Amino acid sequence: MGPSADLAIETRHLTKTFGTTRAVDGVDLAVETGTVFGFLGPNGAGKTTTIRILSTLTRPDSGTAEVFGLDVVRRAEAVRARISLTGQYASVDEDLTGRENLILLGRLRGHPWPRARARADELLAAFDLAEAAGRSVKTYSGGMRRRLDIAASVIVPPDLLFLDEPTTGLDPASRNQVWDVVRALVEAGTTVLLTTQYLHEADVLANRMAVIDQGRVIAQGTPAELKSSVGSATFQVRLRDAEQRAEAERLIGSVLSAAAHPGGDPATLTVSVTDPDRASRALAELSAAGIPVADFSLGQPSLDEVFLALTGHRAEDDRTAQEEVA
Amino acid sequence: MNPTRTAETSPSTADAPVAATLLSRDRPTPPGPLAASLAFAWRALVRVRRNPQQLFDAVGFPVMTTLVFTYLFGGALAGSTREYLQHLLPGIVVLSVVMISMNTGVALNVDISKGVSDRFRSMSIWQPSVLVGSLLGDLVRYAVAATVTVLVGLALGFRPADGVRGVVVGIVLVVIFAFSLAWVWTALGLAAAKPEIVMNVSGLAVFPLLFLSNIFVGPDTMPGWLETAVGLNPVTRAVTAVRHAMAGTLTAGDLTAYAVACAALVLVFGAITGVLYNRRRHT
């Protein structure tokens with residue numbers, strides 16, 4: 001308790017071993033109340049095990065974990081009253097209809113039957129499931145299951161919501177719906193811990209994030225901090241006339257005192273910069289020298305590059321992940 | 001959610017209808033053990049309603065057994081098929097609920113391997129209510145199966161001496177026995193890694209339980225050691241109580257032997273189930 005009162009989650013040296021595998025290996029996390037925390041890592045990195053410990057499903061071997069200052073082992077009952085869990089696999093009963101699932105969970109949250117039914121109908125309408133309300137969940141698409149899953153988690157809006165890979169396997173439209181729901185939750189005051197394999201997803205949604213690999217947190221910070229800790233910004237220009245590339249390459253090289261690399265496109269040049277001001281000077285020099293620029297960008301390296309730099313290996317399936325969110 | 005929204009949604013929009021539902025400040029107190037158990041019993045009944053042929057599958061075997069034993073062996077065993085049916089049918093009622101109660105273990109094993117059980121376990125509810133609730137829901141299945149078996153028996157010429165009262169008492173005894181026996185299957189359902197294992201092991205266990213009993217023939221024709229084993233079988237005690245209840249000859253001794261068998265099943269296998277359930281919860 002004490003100083004951690006404004007933290008939704010705090011863990012110290014959390015470990016969990018299965019057989020000889022250290023699934024979670026000394027994880028320290030601090031998640032502020034009212035924020036979205038992104039937990040990024042490849043399959044088997046320890047994301048799900050950490051969530052299972054925090055949601056009172058699994059006991060840690062050593063270390064401590066607190067949710068709103070409550071120890072997840074000793075005060076498990078009090079923790080459960082403030083959290084909701086949306087697991088990696090649909091945490092709803094496939095044999096029941098969408099409406100029956102929400103009524104059951106409404107009862108289990110303590111609503112009387114009439115209120116449980118009314119709340120179920122309210123949520124089915126809001127989550128665009130009214131038409132499928134009377135169908136068994138078996139027949140639902142992946143996106144519909146996810147929406148039902150999240151609706152089930154907000155029957156009583158929780159103080160802390162765990163979303164374990166909420167958009168894995170979803171099409172872009174369904175994924176955007178899930179993102180909108182996460183934003184609405186945070187606006188309503190819920191703290192969200194979400195795990196993802198999609199670097200872009202953590203970048204778009206999370207206030208802070210941790211990168212986990214082989215049970216260890218290898219980096220923690222805002223998405224921007226993580227990116228800047230890894231490398232400098234990237235400045236890219238595309239010339240209107242590809243013939244002028246050699247000349248532009250010399251000019252940019254001298255202004256930025258760094259080598260400009262020709263891109264795959266015959267009219268583009270890419271160069272690493274440490275000071276964004278000098279990139280604008282380079283643009284001015286190009287214009288003065290009569291070299292028109294079609295477009296330019298100044299951006300930080302992608303989280304994909306962050307992961308590569310931090311772990312020495314690429315995030316698993318990172319290519320497909322990037323394409324899916326692109 | 002608005003179904004017409006496309007993938008190009010701007011990143012700053014939050015879903016307005018969803019946002020409205022999140023403003024609910026309705027914070028009910030978590031349910032007590034009874035309310036939670038009844039909610040799970042409701043779930044079990046909804047599943048039966050969704051899948052009624054499961055009930056008829058379970059009744060099919062007892063009906064076949066009744067026909068085979070009555071018309072094939074009945075004459076040889078009791079002199080006439082009609083006379084044998086009077087002896088056999090109460091035993092078949094017990095057999096039918098024993099067969100149905102096996103399903104409890106398989107269903108539990110399937111249930112705990114699904115994501116939904118993680119959700120239940122992360123909620124602020126009395127955790128045994130998941131088990132107790134589905135067993136309560138099963139009581140209805142047992143009562144339906146027992147009633148259907150009695151009705152089939154009546155159609156074939158079963159005429160219980162104690163009439164409606166005896167049949168009702170018999171069915172109540174059968175249902176309580178099945179509830180007690182179900183703890184054996186829940187323990188097995190929690191101990192086994194896969195539903196197929198539960199099905200195979202309970203299938204193997206159920207045959208000695210049913211055949212080394214007094215369902216089909218009186219144990220007084222058996223060798224002494226076997227007669228003792230049959231006498232200890234809880235199924236024998238349940239069959240004796242049900243048979244005598246329907247015939248109007250139920251004694252205090254029958255009831256005591258029956259109650260001891262039921263209590264022993266609940267205490268021993270209920271305790272094993274509890275231990276296994278707690279162990280399973282924390283891995």
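Tutor: Start with the outward side: A:Arg250 and A:Ser254 are exposed on H9(A) (exposed is over 50% relative accessible area, buried under 20%, partly exposed in between, with a 1.4 Å probe and protein chains only). This is a predicted model, so local features need pLDDT of at least 70 and side-chain atom pairs 80 or more, while totals for chains, interfaces and linings use all residues. Side-chain values use heavy atoms without hydrogens or water, residues are numbered from 1 along each chain as written, and chains are lettered from A and ligands numbered from 1 in written order.

A:Arg245, A:Ala248, A:Ile252, A:Gly253, A:Val255 and A:Leu256 are the buried residues of H9(A). They share one side of H9(A) because their arc around the axis is only 165°, going by the directions from the helix axis to the C-beta atoms. What do they pack against? Strands S11 (233-239), S12 (261-262) and S13 (268-273), plus helix H10 (276-288), all of chain A, with contact meaning heavy atoms within 4.5 Å.

As for the helix itself, H9 of chain A runs over residues 245-256, 12 residues in all. From first C-alpha to last it reaches 16 Å, close to the 16 Å expected at 1.5 Å a residue (that is 1.5 Å times one less than the number of residues). Just past the end of H9(A), A:Ser257 takes a positive phi of about 45°.

Notes
Helix = DSSP H or I, 4+ residues; strand = E, 2+ residues; numbered from the N terminus.
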